[in-house]
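Hi,

Here is the structure I promised to pass on.

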Amino acid sequence: MAFQKAVKGTALIGGGAIATVFGLSQFSQHRNKHGALVQVQAAEGVPVRKDHIPTREQQIVALQSSGEFDVLVIGGGATGCGCALDAATRGLKTALLERDDFSSGTSSRSTKLIHGGVRYLQKAIMRLDLEQYRMVKEALEERAHLLQSAPHLSAPLPIMLPIYKWWQLPYYWIGIKLYDLVAGSQCLKSSYVLTKARALELFPMLRRDKLVGAIVYYDGAWPLCLFVLVGFGFGLKHSCEPGILHWVVGSGGSAGCVCGVCRVCCRDVLTGKEFDVRAKCVINATGPFTDSVRKMDDQEVPNICQPSAGVHIVMPGYYSPDNMGLLDPATSDGRVIFFLPWEKMTIAGTTDSPTDVTSHPIPTEEDINFILSEVRNYLGADVEVRRGDVLAAWSGIRPLVTNPDSKDTQSISRNHVVTISNSGLITIAGGKWTTYRAMARDTIDAAVREHNLQAGSCRTMGLQLEGAQDWSPTLYIRLVQDYGLESEVAQHLASTYGDKAFEVAKIAQVTGKRWPIVGKRLVSEFPYIEAEVVYGVKEYARTAVDVISRRTRLAFLNVQAADEALPRIVDIMAKELNWCEQKKKEQLETAKTFLYYEMGYKVKTDQLTDRSEISLVPSDIERYKKRFRMFDKDKKGFITILDVQRVLQSISVQMDENTLHEILNEVDLNKNGQVELDEFLQLMSAIQKGRVSGSRLAVLMKSAEENLRRRQAIPVDRSGGGL
């Protein structure tokens, strides 16, 4: 596997940052719903930083000079960060090492939903499975905690379950009511039944034929990768730095443990510097890479991870209402598909298929088409679901596990598993994003018992994250009034950074316009501004990939928009980090490769190739040829930028030459700087079949044709004569 080949007996960390040292700062107070005051103290002997976070360089010095840590966590996803947070809040001296940017793996590639799992409750009841029931109940409790810990990031989301057979109405109603019942006092809002008319009013895109009614229940919407970043900023005030973590094999042959002390050699991938870190306890929280780390400790240990790929796609927002999701409880192959509003777009997924473990999972055309097919089953005939409307697509690897202590080793556990090796390596695997806090609690409890660590009980229940303390739903109004930000941008900043949004607004550039006064957007159709790149760098963002995919969500929302914003993002980061031209070029190429393969740009561009079939009727071919000849006045058989500029000038339209080059390049399949007639016909054929949408050249040529027709002189005989 790529991971094992890269490390050669080591575990990787790094990308946007290397290691985070915890237990160095004082946490804020929060009274939870039961009235218990949560007070988290800083680790003894480490300076507290209340007003600012240390620099990356200070972090690395602290990592090298802090002596032996109590806990060293490998993996900076949801589970690893949760473990580090839990350990630090108990007063344990804690370090965290990550192989890439924080939340760069599975944690950032989920359905953006925090939920108990309606389908798991169904299985628990149908199979009388107590373990499944306990998992659902725990997840529902943790769902409530997540919504409280970061109210600026999360909110209850109504999800509609359309009913097309009368017998399904009582069946699903009982199931959803049981879901409410299991949640108990943690139920977000009570579920309810809708008539057909009311269901279509709330979700007008629904297929009307045979619709009986609908049931609406509530779960939580949550930009999951942002939680990981916010979690650090809140309680830890420390960097997340890239590097490589090497396990040192002791004389007994077990990885990492020498006389009861675990020693890890780290390499900062930005500088190449190596140094040792010692810890009493090492925790393996590496998700899909769980077995790779376990085998570093013991080559004979059996695999417990059963990786499963889940693909999601993003489509334009008009495919769903702004505040109503949809659940398909039984797809054609028995899976569950969610169809949810997200960041003014629509997210659909997920698939569930066996896969190999890789650092760079790639969405397949087969999975994308499967999701589109299922979406078509639930949307009305007047809503054309087009392949060309897929703006982004990605694959994430679920680290499902078999319990090594179970008699039935083939059974897949949907719950989490904590194991302890003979050498004392603690592994946390499986589970759900929603239950990250409970997983971390169980893991640190095990670490305290196994390694006799001096620590109290878990203190993360009721703990609010950075940005939550002074946030309110109307905070964005102050941003508009005090700084002159656009309302949409202000709402985005408030819902992303909470009360820390003012720190971003303070560094926002003046636009030079009457309105907005500050806040230059990275791309026009999204509310992300240049100041967020600067702020991200201050919070240890070190790669352009990190900025386009996690500090902002551009890569997950629209790969073409992300590609458009990349040059400016790299320029801003270069200024902040003093990058040379070669470094800028490397960052740009790496980010483009990420977009091309991992975010669906390749499968999107594959919809139009030089081998694409032209399946147009003769009348359409003649119509499109006529349109093409309006630009190809010299009858060359192709058009260039000069041809397009000449036509645009004739209709008094000005367009930047670089923009024109980009527009033609989208259709120039053989990349020779010109668009041939066949390429144009292939484009129009792909548009007709729905495989391509939003082609700027197609829209531009159609608009120019209509403008030229309107400008044609009216003959005298048709004008009524004249004088």
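Helix H5 (residues 130-149) packs against helix H11 (residues 436-451) at an angle of about 110°, and their axes are 8 Å apart. That makes H5 roughly perpendicular to H11. On the H5 side the contact is made by Glu138, Glu142, His145 and Leu146, and on the H11 side by Tyr436, Arg437, Ala438 and Arg441. Sorted by class, this contact of H5 with H11 has 3 nonpolar, 1 polar and 4 charged residues.

Before I go on, a word on where this comes from: it is a predicted model, where local features need pLDDT of at least 70 and side-chain atom pairs count only at pLDDT 80 or more, while totals for chains, interfaces and linings use all residues. Residues are numbered from 1 along each chain as its sequence is written, and side-chain values use heavy atoms, with hydrogens and water left out.

Helices (H or I, at least four residues) and strands (E, at least two) are DSSP runs numbered from the N terminus. Axes are lines fitted to C-alpha atoms, for helices over the stretch in contact, and angles run from 0 to 180 degrees between N-to-C directions. Under 35 degrees counts as roughly parallel, over 145 as roughly antiparallel, 65 to 115 as roughly perpendicular and the rest as oblique. Contact means heavy atoms within 4.5 Å. Ala, Val, Leu, Ile, Met, Phe, Trp, Tyr, Cys and Pro count as nonpolar, Asp, Glu, Lys and Arg as charged, and the others, Gly among them, as polar.

Next, helix H12 (residues 475-483) and helix H13 (residues 487-497). Their axes lie 8 Å apart and the packing angle is about 130°, which makes H12 oblique to H13. Leu475, Tyr476, Leu479 and Val480 of H12 meet Ser487, Ala490, Gln491, Leu493 and Ala494 of H13. That contact of H12 with H13 divides into 7 nonpolar, 2 polar and no charged residues.

Then there is helix H21 (residues 618-631) with helix H24 (residues 677-688): the axes come within 10 Å and cross at roughly 130°. That makes H21 oblique to H24, and H21 passes H24 in a right-handed crossing. From H21, Asp620, Ile621, Arg623, Tyr624, Lys625, Arg627 and Phe628 meet Leu677, Phe680, Leu681, Met684 and Gln688 in H24. The contact of H21 with H24 has 7 nonpolar, 1 polar and 4 charged residues.

Now the second largest pocket, with a volume of about 1400 Å³. A pocket here is an open set of points on a 1 Å grid over the protein atoms alone, where a 1.4 Å probe fits, with protein on both sides within 12 Å along at least five of seven lines; lining residues have an atom within 4 Å of a point. Grid points are joined across faces, edges and corners, and the volume is the space filled by probe spheres set on them. The lining of this second largest pocket has 42 residues, and Gln560, Asp563, Tyr601, Thr605 and Glu666 lie nearest its centre. Helices H18 (559-577), H19 (581-598), H20 (601-605) and H23 (657-667) each supply at least two lining residues. By class, the lining divides into 14 nonpolar, 12 polar and 16 charged.

Lastly, some backbone details. A cis peptide bond joins Gly349 and Thr350, with omega about 15°; Thr350 sits in the loop between strand S18 (345-349) and strand S19 (353-354). Another cis peptide bond joins Trp515 and Pro516, with omega about -5°.

Cheers

Notes:
A crossing is left-handed if the near helix is turned anticlockwise from the far one by less than a right angle, and right-handed if clockwise.
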